[in-house]
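I opened my notebook to record, step by step, what I could look up in this structure. I wanted to go from the whole assembly down to single pairs of residues.

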Amino acid sequence: MTQSNLLASIANELRGIGHRMIERTWRLGVGARLFALAIIYSGESFKRFHLTLREIYFTGVMSLLIIVVSAFFVGMVLALQGYNTLQKYGSSEAIGVLVALALVRELGPVVTALLFAGRAGTAITAEIGLMKATEQLSAMEMMAVNPIARVIAPRFWAGVISMPILASIFSMVGILGGYLVAVPLIGVDDGAFWSQMQANVDFRLDIVNGLIKSFVFGVACTMIALFEGFDAPPTAEGVSRATTRTVVISSLTVLALDFVLTSFMMVV
Amino acid sequence: MTANIVEIDHLSFGYKGRLLHQGINMVFPRGKVVAIMGGSGSGKTTLLRLIGGQIKPSKGEVRVTGEVVHKQDRDGIYKLRRKMGMLFQHGALFTDLSVFDNVAFPMRELTDLPESMIKDLVLMKLNAVGLRGAHQFMPTELSGGMARRVALARAIALDPEIIMYDEPFAGLDPISMGVICGLIRSLNDALGATSIIVSHDVKETFLIADYVYFVADGVVAAEGTPNDLMQSTLPFVHQFVHGEKDGPVPFHYPAAHYQSELLLEQVV
Amino acid sequence: MDRTTIDLWVGIFVALGFAALLGLAMKVGNLTSSKIGATYSVTAAFENVGSLKPNAPVKSAGVVVGRVESIVFNSADYEAVVTIKIDKRYAFPADTFANIYTAGLLGEQYVGLEAGGDEVVLKNGDKIAKTQDAIVLEKMISQFLFSKASETDAKSEAKATAPSAVTNELKGGKSTEIGDVAF
């Protein structure tokens, strides 16, 4: 490759990167606008609460199975792995603390958010994308019904309400799973398991912070799912790509937000 | 009370640097069935969107009942849309609602009528399109023709003054086509409404239209009653109306010289 | 799926969520025992607070009676002034000892209050006069080695027993700052 060709291809690459960055920033702006509109037109989601209720059913209740089963296994694995290491230092009775803190502070909110993005997020994206592709949203507009108030906002609030509930259930079921492995299976003392946990898990610092995290994750994941569906090209391929983007972007955002929130919440 | 319920005045519209419409003038008198015809991509559906206020013109005006559409605020546009009913190309029924709920949708959203009245009205509208017995089905359980009829019942749910049809005959079997064709005319006369049909189905449209506008190259290429157009000697109109293979719209997409592409020896 | 079924399931869902949250708060956390009541503040000055942090517990007879509110440096007499909030239900005599102990071998440090015998009790804003600093491991070890070395030099086992004596001291003693030595 000659000198000028090399320079030209490098310039093209840079141009491509710049173009993609501008595209992404522009999309972020459109997404932020949708977020603002969803909040502004939220009145109907609460005045006609059955709209939101229906969405809570489809995002929250339908996710219960995967959340409960995953929580159970995560809790059990935490107990197993934790015991493996703790018993080397003679601190196997701290297993309760380990399982509880790991779940309540981090795994509860984060894993719930990731599972939510995969199950409910993709469902939302596909549904909205298909509604757009089959002109249902246009039809609503032409009938003088605001599609953002009627379709987008109820789903947003449903996700925001469902997420902390799911995260709490995840943490509790996980701890129960850990208990079942630690006490009946391994033989850690029942009283020590709970009392050490109670002594070391602070309601305000750990549980409430976990809830705040799951609330923030709920906003992020639901909004990403809604935006990707709303912005998807109205073709079969467009919708399927949009659902993939929902999962990928939600996951990355949740993990990044987790770091940011944790660093704010750490009391050193 | 103006004689023309919709007027398109020196309209120009374009995007991405390309002008789709360049100076279109059309009037739609009350009580008539007017058709907008033209080849694919000539911007017919876009005209419906401009009338409905979903997009704004670059130049010129669209007036509905004397009001300029794109100068209205949100409430103004919604008021205008309440006078309109639109039948989308493939029905655009809400897939999560039953046939009954689909037709009831505009009534429930835009009026305060009691449920008992809504029930009667929905059954009346469904009866008008011949589907009163199918009110409990879901849209996915309907055939194309039936779905189109339900969408028509929904479009006339609030007895609109303007009914717009986007390719109402596309993809239908002959019987369904005949049914829809008859319904468009009879409903228009029964409701005293004005119907605007966007189509490229010459046979059906000419049966029911009072007046036809031909759109080509961004302007109104021809207009008149169906009879006038059948006898027109304008090459474009003649080719379109009689379905001729070659004419002003060429058969061959522009390409290089045939022999040179096949690498045949040029016979001198 | 009609409205009433959806309502039922969503109701169950929300109830489960609340139950989980309640379970977390009661069984897992220490909400039942956390103090939300009224408190009064007293101060205590230490020469060395070790690794005592704000919000560390204040215990008496092993029971949590309050929290450390703040720790500031007093440049007038180069001491650390610790402000502690004690639950209003518990009154302490004016000659109470305030000591800094370590919970367990690797645990965090806390303030232990040992009641004296005075009839006058501490009031809001009072200062605890009798304090004992956190024990710094290096000082203790150097003290010990110094005292051992100054014994009969002929005993060559002095050096050999020093490490085991140190560990004895550690096991038997109240608290030491191990972190710096272990690493």
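The entries below go through confidence, contacts between chains, and then the chains themselves.

**Entry 1: confidence.** I began by noting that this is a predicted model, and that it scores ipTM 0.83 and pTM 0.79. For chain C I looked up the confidence by residue, and I found a mean pLDDT of 77, with 74% of the residues of chain C reaching 70 or more.

**Entry 2: which chains touch.** Which chains have the most contacts between them? I found that two pairs of chains touch, and that the most contacts are between chains A and C. On the two sides of this contact I listed 20 residues of chain C and 25 residues of chain A. I then sorted the residues on the side of chain C by class, which gave twelve nonpolar, five polar and three charged.

I turned next to chains A and B, where the contact takes ten residues from chain A and 14 residues from chain B. The side of chain A that touches chain B has five nonpolar, three polar and two charged residues.

**Entry 3: a helix pair in chain A.** Before looking at the pair I reminded myself that two packed helices are described by the angle between their axes and the distance between the axes. In chain A I picked helix H4 (residues 64-86) and helix H5 (residues 95-133), whose axes come within 10 Å and cross at roughly 145 degrees. I recorded the crossing of H4(A) and H5(A) as right-handed. Among the residues that make the contact I found Ile66(A), Ser70(A), Gly75(A) and Leu78(A) on H4(A), and on H5(A) I found, among others, Leu98(A), Ala102(A), Thr112(A) and Arg119(A). By class, the contact of H4(A) with H5(A) comes to 15 nonpolar, four polar and one charged residues.

**Entry 4: chain B as a whole.** I counted ten helices and ten strands in chain B, and I wrote down that its C-alpha atoms fill a box of roughly 85 × 40 × 35 Å along the principal axes. Of the 268 residues in chain B, 37% are buried. When I looked at contacts in chain B between residues at least 6 apart in sequence, 63% of them joined residues at least 24 apart.

**Entry 5: the six-stranded sheet of chain B.** In what order do the six strands of this open sheet lie? I read the order as S6-S7-S8-S3-S9-S10 in chain B, with mixed pairing. The edge strands are S6 (84-87) and S10 (219-224) of chain B, each of which pairs on one side only. Neighbouring strands of the sheet are turned by 20 degrees against each other on average, with direction ignored. Inside the sheet I followed strand S3 (residues 33-38) of chain B, which runs parallel to strand S9 (residues 211-216) of chain B and is joined to it by five bridges; Ile36(B) stands opposite Tyr213(B) in S9(B). I also saw that helix H5 (residues 144-155) of chain B lies across S6 and S7 of chain B, and that this helix runs at about 170 degrees to S6(B).

**Entry 6: the four-stranded sheet of chain B.** Four strands of chain B form an open antiparallel sheet in the order S2-S1-S4-S5, and I noted S2 (18-29) and S5 (67-68) of chain B as the edge strands. Strand S1 (residues 4-15) and strand S4 (residues 59-64) of chain B pair over five bridges, and the bridge partner of Ile8(B) in S4(B) is Val62(B). Helix H1 (residues 44-52) of chain B lies across S1, S2 and S4 of chain B, at about 115 degrees to S1(B).

**Entry 7: chain C.** For chain C I counted four helices and eight strands, which run from the N terminus as α-β-β-β-β-β-β-β-β-α-α-α. Of the 183 residues of chain C, 21% count as buried.

Methods:
Residues numbered from 1 in each chain as written. Chains lettered and ligands numbered in written order. Predicted model: local features only at pLDDT ≥ 70, side-chain atom pairs only at ≥ 80, totals over all residues. Contact = placed C-beta atoms within 7 Å. Nonpolar A, V, L, I, M, F, W, Y, C, P; charged D, E, K, R; others polar. Axes fitted to C-alpha atoms, helices over the stretch in contact; angles between N-to-C directions. Helix = DSSP H or I, 4+ residues; strand = E, 2+ residues; numbered from the N terminus. Left-handed = near helix turned anticlockwise from the far one by under 90°. Pairing = 2+ DSSP bridges. Buried ≥ 20, exposed ≤ 12 C-beta atoms within 10 Å, placed from the backbone. pLDDT = per-residue confidence, 0-100.
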